[in-house]
Amino acid sequence: MTAIGELDAEQLAAFICQRLCDNGVTVTLTGGACVGIWSDWQYVSHDLDFIEEGFVSRKLLRDVLLPLGFVEQGRHFVHPASAWMVEFPTGPLMVGDERVEGVTERRTAFGMLRLLTPTDCVKDRLAAFFHWNDRQSLAQALLVATTQKVDLAAIRRWSAAEGQEQKFRDFAGELKRRKKA
């Protein structure tokens, strides 16, 4: 078996996702690590954010992760040989005010990884831009949207439902400029 310290972020995320699944826990990778995967690592996050499907006790998470060498530090799990922290933000799996209905699964040598689709990853990042004016999240959304095929019409509809038509136009305009360059 490969040592945890030798795994890159996607491999580690798949390893954790699979171990949790083997123990009856369904999680989906979100956040910056998702941006990293969909942007071909033009953005690198140092945490793996998993949203649980349904209620999962902290004890069950500990029971799965501690035997793998992880240590609980506050709200994170860390491994002494790994650069990535693991976190389980409170669910449900949402982008802004919209429930995420479908995810992507990627089979790896280390297990099955469930993660946001590129379109929902863009929505996730835009939510931070829309509601907190987080320009770094806008940059991350643009990285994913220029690297992956996304459903711009779905993002436009979602943005309107969030009451953020102008910020969507800012995003779409910058995306168009980047795609021309």
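Which residue of β9 does Arg 106 stand opposite? The legends below, which refer to a predicted model, begin with that pairing.

**View 1. The antiparallel pair of strands β8 and β9.** Arg 106 stands opposite Leu 113 in β9. Strand β8 spans residues 104–108 and strand β9 residues 111–115, and five bridges join the two.

**View 2. The crossing of helices α4 and α6.** The axes of α4 (residues 118–132) and α6 (residues 152–161) come within 10 Å and cross at roughly 30°. The crossing is right-handed. On the α4 side, the residues in contact are Thr 119, Val 122, Lys 123, Leu 126, Ala 127 and Phe 130; these meet Ala 154, Ile 155, Trp 158 and Ser 159 of α6. By class, seven of the residues in this contact are nonpolar, two are polar and one is charged.

View 3. Trp 84 counts as buried because its relative accessible area, 16%, is under the 20% cut-off. Leaving aside neighbours within four places in sequence, its contacts include Leu 7, Asp 8, Ala 9 and Leu 12, together with Ser 45, His 46, Asp 47, Leu 48 and Phe 77. The side chain of Trp 84 also reaches the backbone oxygen of Ser 45, at 3.0 Å. Between Trp 84 and Ala 13, the C-alpha to C-alpha distance is 9.5 Å, although the two are 71 residues apart in sequence.

How values were computed: Residues are numbered from 1 along each chain as its sequence is written. This is a predicted model: local features need pLDDT of at least 70, side-chain atom pairs count only at pLDDT 80 or more; totals for chains, interfaces and linings use all residues. Side-chain values use heavy atoms; hydrogens and water are left out. Two strands pair if DSSP finds at least two bridges between them. Helices (H or I, at least four residues) and strands (E, at least two) are DSSP runs, numbered from the N terminus. Axes are lines fitted to C-alpha atoms, for helices over the stretch in contact, and angles run from 0 to 180 degrees between N-to-C directions. A crossing is left-handed if the near helix is turned anticlockwise from the far one by less than a right angle, and right-handed if clockwise. Contact means heavy atoms within 4.5 Å. Ala, Val, Leu, Ile, Met, Phe, Trp, Tyr, Cys and Pro count as nonpolar, Asp, Glu, Lys and Arg as charged, and the others, Gly among them, as polar. Buried means under 20% relative accessible area, exposed over 50%, partly exposed in between (1.4 Å probe, protein chains only). A polar contact is a pair of N or O atoms within 3.5 Å; within protein, one must be able to donate a hydrogen and the other to accept it, and residues adjacent in sequence count only if both atoms are side-chain atoms.
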